[in-house]
Amino acid sequence: MQLQDTPAEADFRRRLREWLGKTLPELPPPPDPSDWPGRRAFDTQWQRRLFDAGYAGIHWPVDAGGRGASPSEHLIFLEETEHAGAPYVGASFVGLLHAGPTIAAEGSPDQRARFLPPILRGDEIWCQGFSEPGAGSDLAALRTKAVRDGDSYVVSGSKIWTSHAEVADWCELLVRTDPDAPKHKGITWLAMNMDAPGVTVRPLRTLAGTTEFAELFLDEVRIPVANRVGEENDGWRVTMVTLSFERGTAFASEAVACRREVRELARVARAEGAWDDLELRRALAALSAEFAALWRLVQWNVSEASADGVPGAGGSVFKLRFSEARQRLYDLAARVVGADALVEGAWTAQRLQGLSYTIAAGTSQIQRNIVAQRILGLPKGR
Ligand SMILES: Cc1cc2nc3c(=O)[nH]c(=O)nc-3n(C[C@H](O)[C@H](O)[C@H](O)COP(=O)(O)OP(=O)(O)OC[C@H]3O[C@@H](n4cnc5c(N)ncnc54)[C@H](O)[C@@H]3O)c2cc1C
């Protein structure tokens, strides 16, 4: 992958920039973060505009309905949308960035035809039903069970921390289909309709004051066998594909956003008189360098995903360093803004939300274990 735009890429960048310049002023103001129906409407309208303009699923293969863009074009898309201040992917996160890519990589032709177009058009929102009260870091300890009954699985159990569940149409759900198999072997990946009888969603309020995620209670929910992605009991392998996308490429647009936020924080520091603090300037410079390095890592992961179909273990390096650097950014913001940052404002919301970054999508400790074992080849801890 080259790092300079070729003439064709420069043309792609110019057209995208023009389209963003014309389209963004037409968007309505973003909704209040606690207004979930409003957020769904806003995020799906944005996705629909991307779809209509041919930019939806920029990195998805053409036969999955995407644009089939090269890694360079994918990166240009991330840069340009962020620089233009385009809306965040929001409620489309799971569908567009890891459930959809998993179905594109592992789904049957029927599943690709059924599930992928509505994700790209912004018609259907997905959530992720992986974690359970006793199965977070140790995800394979999950107990939600599925019993085969004719053409259906009958699923009972509960899930927790299910982001976007309040507005989701579908859930990428992990279930235990063989209770007697070793724990990584008896798992199956299913697409569950959130409107199916027996699904109850109970929102959880976060520190930041919004109901970002929810508990799911599943009481004899019938899920067609046709909604199984991969083979029965082969769900752990499919899950690794999902998590590779989630850790390796799903946070790429935020990585660009953080580079802008560091510049913005430097501007605020100058305006607020904090710029004379040499230690603070050094911390800002270190963060700026770290986000530049992380952007290189995004380039690597995007390139690898394009070549191999899925990002590799480098995604865990990115997830680990990015989530920790982002927390440092918001801590620094609190220092710059001072006591006001503890009360209200965009930096405050980011800081409260930021506390979860080293937990969501797999904790830092687990990413360190993966890096140790899969990249450095160190022995597995007991
Ligand atoms: C904002 C947010 C959104 C989320 N969204 C979703 C979602 O949409 N869908 C979903 O399924 N889940 C979601 N999660 C759940 C998330 O994936 C889990 O919280 C995460 O995997 C950690 O699991 P746990 O909370 O059970 O903590 P635990 O696994 O109980 O971990 C507790 C502590 O022990 C450490 N630890 C555990 N095992 C080891 C080990 N072997 N070695 C070293 N340290 C270890 C952990 O690192 C952590 O510090 C979300 C979480 C957050 C915070």
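Colleague: Where is Leu207 found?

Modeller: Leu207 is in the loop between strand S6 (199-204) and strand S7 (213-224). Helices here are DSSP runs of H or I with at least four residues, strands are runs of E with at least two, and both are numbered from the N terminus. Before we go on, this is a predicted model: local features need pLDDT of at least 70, side-chain atom pairs count only at pLDDT 80 or more, and totals for chains, interfaces and linings use all residues. Residues are numbered from 1 along each chain as its sequence is written, and side-chain values use heavy atoms, with hydrogens and water left out.

Colleague: OK. Is Leu207 buried or exposed?

Modeller: Exposed, with a relative accessible area of 61%. Buried means under 20% relative accessible area, exposed means over 50%, and partly exposed is in between (1.4 Å probe, protein chains only).

Colleague: Now the inside. How many residues are in the largest nonpolar core?

Modeller: That core has 62 residues, and those with the most contacts inside it include Trp126, Trp189, Leu265 and Phe291. Helix H7 (residues 252-272) gives the most to this core, nine residues. Apart from it there's another core of 24 residues, with Ala168, Cys171, Met194 and Val199 among them. By core I mean a set of buried Ala, Val, Leu, Ile, Met, Phe, Trp, Tyr and Cys residues joined through side-chain atoms within 4.5 Å.

Colleague: Why is strand S5 largely enclosed by the rest of the structure?

Modeller: Six of the seven residues of S5 (residues 187-193) are buried, so the strand is largely enclosed.

Colleague: Which strands does S5 pair with?

Modeller: S5 pairs with strand S4 (residues 170-176) in the antiparallel sense over seven bridges, and Trp170 has Asn193 in S5 as its bridge partner. S5 also runs antiparallel to strand S8 (residues 228-229), with two bridges; there, Trp189 is partnered with Val229 in S8. Two strands count as paired if DSSP finds at least two bridges between them.

Colleague: What does the side chain of Asp169 reach?

Modeller: The Asp169 side chain reaches the backbone nitrogen of Ile125 at 2.7 Å, and a polar contact of 3.0 Å joins it to the side chain of Arg40. A polar contact is a pair of N or O atoms within 3.5 Å; within protein, one must be able to donate a hydrogen and the other to accept it, and residues adjacent in sequence count only if both atoms are side-chain atoms. Asp169 lies in the loop between S3 and S4 and counts as buried at 18% relative accessibility.

Colleague: Switching to charges: how many salt bridges does a search of the whole structure find?

Modeller: The search finds 29, each a side-chain nitrogen of Lys or Arg within 4 Å of a carboxyl oxygen of Asp or Glu. One of them joins Asp149 and Arg222 (2.8 Å, N to O). That pair links distant parts of the chain, with Asp149 in S2 and Arg222 in S7, 73 residues apart. Asp149 is partly exposed at 40%, and Arg222 is partly exposed at 44%.

Colleague: Which residue does Arg15 form a salt bridge with?

Modeller: Asp11, with the closest N and O atoms 3.0 Å apart. Both lie in helix H1 (residues 7-23), four residues apart, about one turn of the helix.

Colleague: And which residues are linked in a network of salt bridges?

Modeller: Asp5, Arg13, Arg17, Glu79 and Glu80.
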